[in-house]
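Reader: I would like to learn how to read a structure one feature at a time. Please give the general idea and then the case at hand.

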Amino acid sequence: MIRRYGEPVRADRRYRRRAGVYAVLLSGGEILTTFQEQPFAEFQLPGGGIDPGEHPVAALHREVMEETGWRIGQARRVGAFRRFTHMPEYDLWAEKLCTVYLARPVRRLGPPTEPGHHAVWLPIDEALRQLRNPGDRALLERALR
């Protein structure tokens, strides 16, 4: 069973399963995060949904590029978690299956292409306080071990 973080499952909702990939990108004592303005202003691990037919590692590279403008390398799976949440940008309730990878930030190619996202380097201790999603925080802690 994959551990669940966040809100409990609500019996009055139908959830659509949505697989996604996310990256822990460390350099020195900092981590590369994405700051998303909408629908809630929050710091997140960069990543997102896997498109139909897309390989998870290819999705990881695409999502990190879209949300941070960085190319990554040496992705290694850290773990996974589930969370049940409303995704207002898609108007759906989702069971998010989140797989987290530890990867190396290789090179910044430009600004994020995903509207409303900003690449932000945070000291690790601050990231552990600022990441909104408890699953992101837990998997960051696991990657640091």
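This is a predicted model: local features need pLDDT of at least 70, side-chain atom pairs count only at pLDDT 80 or more; totals for chains, interfaces and linings use all residues.

Author: A residue is called buried when its relative accessible area is under 20%. T85 has a relative accessible area of 14%, so T85 is buried. T85 belongs to strand 5.

Reader: Which residues does T85 touch, not counting residues up to four places away in sequence?

Author: A contact here means heavy atoms within 4.5 Å. T85 touches Y15, L92, W93, A94 and K96 when residues up to four places away are left out.

Reader: Is F84 buried or exposed?

Author: F84 is buried, with a relative accessible area of 8%. F84 is also placed in strand 5. Leaving aside neighbours within four places in sequence, the contacts of F84 are R4, E7, V9, Y15, A94 and E95.

Reader: Where does D91 lie, and what is its phi?

Author: D91 lies in the loop between strand 5 and strand 6 (92-108). Phi of D91 is near 50°, again a positive value in a residue other than glycine. The relative accessible area of D91 is 62%, so D91 is exposed.

Reader: Which peptide bond is cis?

Author: The bond from Q38 to P39 is cis, with omega near 0°. P39 sits in the loop between strand 2 (30-36) and strand 3 (42-44).

Reader: What about polar side chains? What does the side chain of T68 reach?

Author: Look for pairs of N or O atoms within 3.5 Å. The side chain of T68 reaches the backbone nitrogen of W70 at 3.1 Å. A polar atom of the T68 side chain also lies 2.6 Å from the backbone oxygen of V64. T68 is part of helix 1 (residues 56-68), and at 0% relative accessibility T68 counts as buried. Apart from neighbours within four places in sequence, T68 is in contact with L32, T33, P46, G110, P112 and A119.

Reader: Which residue caps the N-terminal end of helix 3?

Author: To read a cap, look at the end of a helix for a side chain that meets the backbone. N133 caps the N-terminal end of helix 3, with a side-chain oxygen 2.7 Å from the backbone nitrogen of G135.

Reader: Which residues of helix 3 are buried, and what do they pack against?

Author: In helix 3 (residues 134-144), the buried residues are G135, D136, A138, L139, L140 and A143. These buried residues pack against strand 1 (16-27), strand 2, strand 3, strand 5, strand 6 and helix 2 (124-130).

Reader: Helix 2 holds D125. How far apart are D125 and I31 in sequence and in space?

Author: D125 and I31 are 94 residues apart in sequence and 9.5 Å apart in space, C-alpha to C-alpha. D125 is partly exposed, with a relative accessible area of 48%.

Reader: How many helices and strands are there in the protein chain, and in what order do they run?

Author: The protein chain has three helices and seven strands. From the N terminus, the order is β-β-β-β-α-β-β-β-α-α. The radius of gyration is 14 Å, close to the 15 Å that the globule rule gives for 145 residues, so the chain is as compact as a globular protein of that length. The C-alpha trace spans about 45 × 30 × 30 Å along its principal axes.

Reader: What share of the residues is buried, and what share of the contacts joins residues at least 24 apart?

Author: Buried residues make up 43% of the 145 residues. Of the contacts between residues at least 6 apart in sequence, 71% join residues at least 24 apart.

Reader: How many positive and negative side chains does the protein chain have?

Author: There are 23 positive and 18 negative side chains, and the centres of the two sets lie 6 Å apart. The accessible surface comes to about 8,000 Å², with 48% of that belonging to carbon and sulfur atoms.

Methods:
Residues are numbered from 1 along each chain as its sequence is written. Side-chain values use heavy atoms; hydrogens and water are left out. Helices (H or I, at least four residues) and strands (E, at least two) are DSSP runs, numbered from the N terminus. The radius of gyration is taken over C-alpha atoms; the globule rule is 2.2 Å times the number of residues to the power 0.38. Buried means under 20% relative accessible area, exposed over 50%, partly exposed in between (1.4 Å probe, protein chains only). Accessible areas come from the Shrake-Rupley method with a 1.4 Å probe; for residues, only the protein chains shown count as cover. Lys and Arg count as positive and Asp and Glu as negative; His and the chain ends are not counted. The place of a charge is taken as NZ of Lys, CZ of Arg, CG of Asp or CD of Glu. A polar contact is a pair of N or O atoms within 3.5 Å; within protein, one must be able to donate a hydrogen and the other to accept it, and residues adjacent in sequence count only if both atoms are side-chain atoms.
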